[in-house]
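This report goes through a two-chain model part by part. Please keep the sequence and the 3D view at hand while reading.

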Amino acid sequence: MNKYLPEKENILEILHLVQNANPKNFLSKEDLAEVANYLHLPYNQVYSVASFYSMFSLKPRGKFVIKVCQSPHCVVNGSDNLLDFLKKRVKKNPEISLEECQCLGVCGNSPVVLVNDKIYGDMDKEKLEKLLKNLEGGKNVL
Amino acid sequence: MYKRVDILLCFGSGCVSAGARGIKEELQRLVRENKIDNEVNIIETGCMGPCDYGPLMLIYPEGVFYKKLTPEDMKEVVEEHLIKGRVVERLLMHDDTVADRAIRNVEDVPFYKNQTKVALKYCGYLNPESLEEYVAVDGYSALGKVLEEMKPEDVINEIKISGIRGRGGGGFPTHLKWSFARSAKSEDGVKYMICNGDEGDPGAFMDRSLLEGDPHRVLEGMMIGAYAIGASKGYFYIRAEYPLAIERIKLAISKAREYGLIGDNILGSDFCFDAEVRTGAGAFVCGEETALISSIEGKRGHPKPKPPFPANKGLWDKPSNINNVETFANISSIILNGGQWFASMGTEKSKGTKVFALTGDVKNTGLVEVPMGITIGELIDNVGGGISKGNFKAVQLGGPSGGCLTKEHWDVPIDYDSLTAKGAMMGSGGVIVMNDSKCMVNVAKFFLEFSLEESCGKCSPCRVGLKHMHNILEKITSGQGCMEDLDELESVGKLIKATSLCGLGQSAPNPVLSTMKYFRNEYEAHIKDKRCDALVCTELLHFNINKDKCVGCSLCAKKCPVNCISGSREEKFDIAQDACIKCGNCHDVCPVKAVEKLAGKVECEEE
């Protein structure tokens with residue numbers, strides 16, 4: 001955390017860092033309390049910021065978070081089918097979490113999924129299956 | 001170092017997502033293996049534009065352009081092209097207008113031919129991580145000119161002559177914004193320059209591409225603006241969904257600092273400037289300037305009522321100026337070539353060029369830059385290469401704040417005022433082309449869902465009103481609508497536009513209002529005839545097995561999740577309509593296409 005000065009304006013950067021460092025990929029109550037302490041802010045202010053932004057999760061997640069773009073262009077190209085497919089496919093694996101997200105700005109290669117910080121374009125079920133196999137093996141590659 | 005061959009590999013997010021990294025690794029490996037690594041430069045560039053042909057590669061000095069590459073193709077590229085000097089025909093682009101004509105040179109690619117590049121001029125031709133390459137194409141010479149020869153007022157005047165208007169969507173004249181911020185009084189002299197890189201509009205990705213492909217150009221534009229308004233600190237606010245853009249702009253800032261282009265007394269002048277990057281965390285509303293300021297301050301991204309405008313009371317209550325990424329990317333060219341030059345492009349009230357993210361049912365999707373005033377038809381046909389499949393139905397401009405236009409608007413020039421007059425909007429420049437397989441009611445619902453999801457919840461017209469509109473659209477698309485719903489949609493939509501606090505709410509009803517205006521018959525078909533002719537709204541269609549075509553293979557019955565298909569090889573198969581959940585499995589699996597998808601709600605016709 002001390003990569004950033006203890007000033008309120010750095011809160012988003014700090015929350016990103018803390019969330020990434022959490023093995024469960026989320027912001028726990030303890031995390032928020034620690035950030036509040038570091039920034040000399042009341043807990044509720046940190047909570048209010050963390051709960052506003054969609055990239056922060058207040059619930060535990062898996063090591064890999066798959067985000068499926070649900071913006072018009074991706075949906076038109078079949079991302080809702082991919083989402084249904086993934087919902088069935090990843091249910092049992094606690095290491096992989098599934099989320100919907102809005103436009104990732106790679107519309108020329110839709111449908112698009114984001115796994116942690118890696119974007120995969122032109123996806124179909126076969127590619128997803130291959131990607132999932134790799135994720136299950138602990139590797140975020142296609 | 002000078003080498004025989006320069007290989008430019010597109011490393012925009014689009015090509016990276018399509019596998020550019022794997023291609024680079026394989027290429028590097030093969031180049032080493034064939035011992036030609038001292039002859040070949042492999043350079044990562046920003047977005048080259050035609051994203052759906054990615055991953056892309058451009059080989060100089062010949063200017064050969066290869067598309068849709070896979071790591072397996074690299075062997076042939078290395079052995080044939082690099083070693084033997086023979087172009088790999090099958091990887092070239094083809095010109096549809098001339099039968100089977102492969103395009104050998106990048107300059108002949110039709111996609112590029114009809115474009116005029118200003119902001120994107122070097123995007124895709126430079127290594128965005130190298131300051132030297134940017135300087136080699138006159139980079140930072142506009143900054144030098146400004147600091148050496150021009151007073152801040154002169155800069156603002158040059159921008160005024162150019163006529164450039166904000167590229168983020170609102171279209172507010174940039175020179176006015178700058179002169180407000182310049183004349184605003186700050187007690188301690190502190191003013192801020194902010195770059196809005198929170199590009200959240202679905203279907204728009206020009207800001208990402210500019211930040212990834214030519215970050216120094218954006219930084220230089222910001223610095224010229226900062227000099228003009230008297231700011232000494234800049235912030236780039238970039239959404240966290242763009243990690244590569246964040247990385248590249250951070251690198252650009254640190255390189256510029258290293259070379260003394262950022263810091264105190266820049267280029268020997270009195271001008272001092274420093275810049276920082278702030279990342280968002282997934283909130284569309286933060287693209288609105290007051291919400292963006294709240295977010296930089298470390299608060300929830302809630303918009304504030306205006307006035308006071310940011311020019312007087314912005315970041316930490318200091319005078320602040322916010323411009324879009326693309327606006328900044330145009331500034332250095334305006335300074336170097338003069339405002340007159342920029343104003344010679346475009347229309348009377350919308351000058352210069354605009355970058356569009358062309359997506360949807362067009363042949364060439366990707367990033368394009370064209371002069372303002374080009375007609376919708378020219379953009380789709382000449383640059384986009386025409387409709388990819390089906391017939392043109394509508395074009396959505398301006399994302400969730402914009403609207404849909406139709407065939408009758410084919411000759412409408414694309415500029416701020418013409419689009420607004422027709423009920424669409426320039427927005428950030430997302431253009432989604434739709435063919436006749438799209439249901440406009442559903443499209444409108446979709447965009448509304450987006451705005452609903454992203455509404456920050458601060459003011460009730462947006463929070464409650466959008467939900468109400470969405471409920472009505474749900475009703476209509478599920479066949480429960482009545483004609484009064486249309487009046488209700490219109491009046492609520494107008495109310496939200498008039499009373500919402502920020503731009504998100506004020507423009508969120510546009511997709512619904514514009515489709516109601518131009519596709520009213522479709523809404524009426526959904527309500528009166530309970531039909532969705534585009535076969536999209538599942539409640540308003542049904543499946544039927546054509547017994548003349550059915551071969552009785554029983555595949556549909558096996559795949560039906562609710563077992564509503566029965567029959568035999570002799571009798572053929574039938575769907576029990578009352579039990580059918582319209583999942584479409586039978587339609588997808590039928591080997592002889594006997595399962596028909598038909599418009600209209602059907603009450604067991606066959607019985």
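The model is predicted: local features need pLDDT of at least 70, side-chain atom pairs count only at pLDDT 80 or more, and totals for chains, interfaces and linings use all residues. Residues are numbered from 1 along each chain as its sequence is written, and chains are lettered from A and ligands numbered from 1 in the order in which they are written.

**Chain A overall**

Chain A has six helices and four strands. Helices (H or I, at least four residues) and strands (E, at least two) are DSSP runs, numbered from the N terminus. Read from the N terminus, the order of elements in chain A is α-α-α-β-α-α-β-β-β-α. Its C-alpha atoms fill a box of roughly 50 × 30 × 25 Å along the principal axes. Of the 142 residues in chain A, 41% are buried. A residue is buried if 20 or more other C-beta atoms lie within 10 Å of its own, exposed if 12 or fewer, and partly exposed in between, with C-beta atoms placed from the backbone. Two residues are in contact if their C-beta atoms, placed from the backbone, lie within 7 Å. Among contacts in chain A between residues at least 6 apart in sequence, 56% join residues at least 24 apart.

Helix α6(A) spans residues 125-136, 12 residues in total, and reaches 16 Å from its first C-alpha to its last, close to the 16 Å expected at 1.5 Å a residue. The expected span is 1.5 Å times one less than the number of residues. Which residues of α6(A) are buried? They are A:Leu128, A:Leu131 and A:Leu135. Seen down the axis of α6(A), these buried residues fall within an arc of 65°, so they line one face of the helix. The arc is that of the directions from the helix axis to the C-beta atoms. An α-helix has 3.6 residues a turn, so residues three or four places apart point the same way. The buried residues of α6(A) are covered by elements of chain A that include β1 (64-69), α5 (79-89), β2 (96-101), β3 (113-115) and β4. On the face turned away from the buried side, α6(A) carries the exposed residues A:Glu126, A:Glu129, A:Lys130 and A:Lys133. Just after α6(A), A:Gly138 takes a positive phi of about 90°.

In α3(A), the buried residues are A:Val46, A:Val49, A:Ala50 and A:Phe52. Viewed down the axis of α3(A), they fall within an arc of 165°, so they line one face of the helix. They pack against α1 and α2 (29-39) of chain A.

**The contact between the chains**

In the interface, 31 residues of chain A are in contact with 40 residues of chain B. On the chain A side, α1 (11-21), α3 (43-52), α4 (72-76) and β4 (118-120) each supply at least two residues. The largest share, four residues, comes from α1(A). The chain A side divides into 15 nonpolar, 11 polar and five charged residues. Here Ala, Val, Leu, Ile, Met, Phe, Trp, Tyr, Cys and Pro count as nonpolar, Asp, Glu, Lys and Arg as charged, and the others, Gly among them, as polar.

**A loop of chain B**

B:Glu241 lies in the loop between β8 (233-238) and α11 (243-258) of chain B. B:Glu241 is buried, with 28 other C-beta atoms within 10 Å. Leaving aside neighbours within four places in sequence, B:Glu241 is in contact with A:Leu104, A:Gly105 and B:Gly282. B:Arg239 is also placed in the loop between β8 and α11 of chain B. With 26 C-beta neighbours inside 10 Å, B:Arg239 counts as buried. Not counting residues up to four places away in sequence, B:Arg239 touches B:Gly197, B:Asp198, B:Glu199, B:Gly200 and B:Gly280.

**Backbone features**

| Peptide bond | Omega |
|---|---|
| B:Gly54 to B:Pro55 | near -5° |
| B:Pro307 to B:Pro308 | about 0° |

B:Pro55 is in the loop between β2 (40-45) and β3 (57-60) of chain B, and B:Pro308 is in the loop between α12 (289-296) and β10 (320-324) of chain B.

A:Asn116 is not a glycine but has a positive phi of about 50°. A:Asn116 is found in the loop between β3 and β4 of chain A, and with 14 C-beta neighbours inside 10 Å it counts as partly exposed.
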